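The exercises below are meant to be worked with the structure open beside the text. Try each task before reading its solution.

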Amino acid sequence: NKLAKRMKAFTGIDFIFEDSINRLIYTEGVYPVQGVRPIITTINQQIRSNLSNFIQEIYLVPSENISTLKFYINEDRLICDYYSSQIKVHSSEKILSLVLKKLRKPKNDEFQVITAVHESGHAILGYILLGLTPEIICSSSTDSSIGGFVFTRFEQEYVAKNQILPRVAMMLGGYAAEDIIFGKDNITTGAEGDIEKATTFLSNMYLKCGLGDLPINYGLPVADFWTSYHNHTAIEEKIKETIMEGLSLAKATLLKEKHLLLFMSDYLSEQVTLSKVETSAFFEKYAQKEKHLNKQSFISYRGILKKQKKAFNQLPQLIS
């Protein structure tokens, strides 16, 4: 909008950028994994740098009084339509160099198939066990070091004790999905980060947050941690046990939802992404009707407090 105003002041002509221009800027300017690179740079590279050529072309239609230039995208072409008194009198185009668009095209290779199955496992377990619908699922990333990802928003700012197991199951969902679809001997190294994340999560829950069997602060047996409890043996066994239970829950859930797993994985093996709306449609069509198996993990703490306070107020008052 600022660019359009500047060009209007400079040329006296109205510049209109249609929605397809915004989509181009998003496609070329946003990395879901890495954040957002400067939007102004993308506008300058793809739009602003080409405006002078379109302006010069006004002189190719000298008999017309050009009042408006309307810009839009068609595939990899930036198109400008020239208007005189709301009548289109000329058109011109410029082929753009769209780097990220090429990178985002489906690779349709073995790596994308593996990634599709892996990320589908995460997404399905998040939905079934925690009631979470991903904002986006991606089976091919513009970042060469990352195959794909599932982006999910956790609305809660806390973790309850009974959510530990389903969260671990979701973290190990990619590993479990590969096991189910490809077989144990064909599991890939793609779960390395997930395994580390699950182990770190459990360590924090049990060692620091007091969500194990005992609320004890654990530490290393060195001088700086002399106020901590140093015997980690029981906790390490607890972490191992929860990892095994989480993986078992992940596999059991995905086996029940194998229909959904197969169809979602197949789609993502051919296409790059699933939006939140598209993912919801997959869940609605293919998931078992008994959804959110872990309903009891989401409670209203305020509701519990109010209920107990009300019950307490209804007790007969003791006479001192």
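**Exercise 1. Work out the strand order of the open sheet, then find what packs on it.**

Solution. Three strands, in the order β8-β7-β9, form an open sheet with antiparallel pairing, where strands are DSSP E runs of at least two residues and helices H or I runs of at least four, numbered from the N terminus, and two strands pair if DSSP finds at least two bridges between them. The edge strands, each pairing on one side only, are β8 and β9 (273-275). From one strand to the next the twist averages 5 degrees; axes are lines fitted to C-alpha atoms, for helices over the stretch in contact, and angles run from 0 to 180 degrees between N-to-C directions. Helix α11 (residues 276-286) packs on the sheet and touches β7 and β9, its direction making about 85 degrees with that of β9, contact being heavy atoms within 4.5 Å.

The model is predicted: local features need pLDDT of at least 70 and side-chain atom pairs pLDDT 80 or more, while totals for chains, interfaces and linings use all residues. Residues are numbered from 1 along each chain as its sequence is written, and side-chain values use heavy atoms, leaving out hydrogens and water.

**Exercise 2. Explain why helix α6 (residues 164-171) is described as largely enclosed.**

Solution. Buried means under 20% relative accessible area, exposed over 50%, and partly exposed in between (1.4 Å probe, protein chains only). Because 7 of the 8 residues of α6 are buried, the helix is largely enclosed by the rest of the structure. The cover over these buried residues includes α5 (110-130), α7 (173-182), α8 (192-208) and α9 (233-256).
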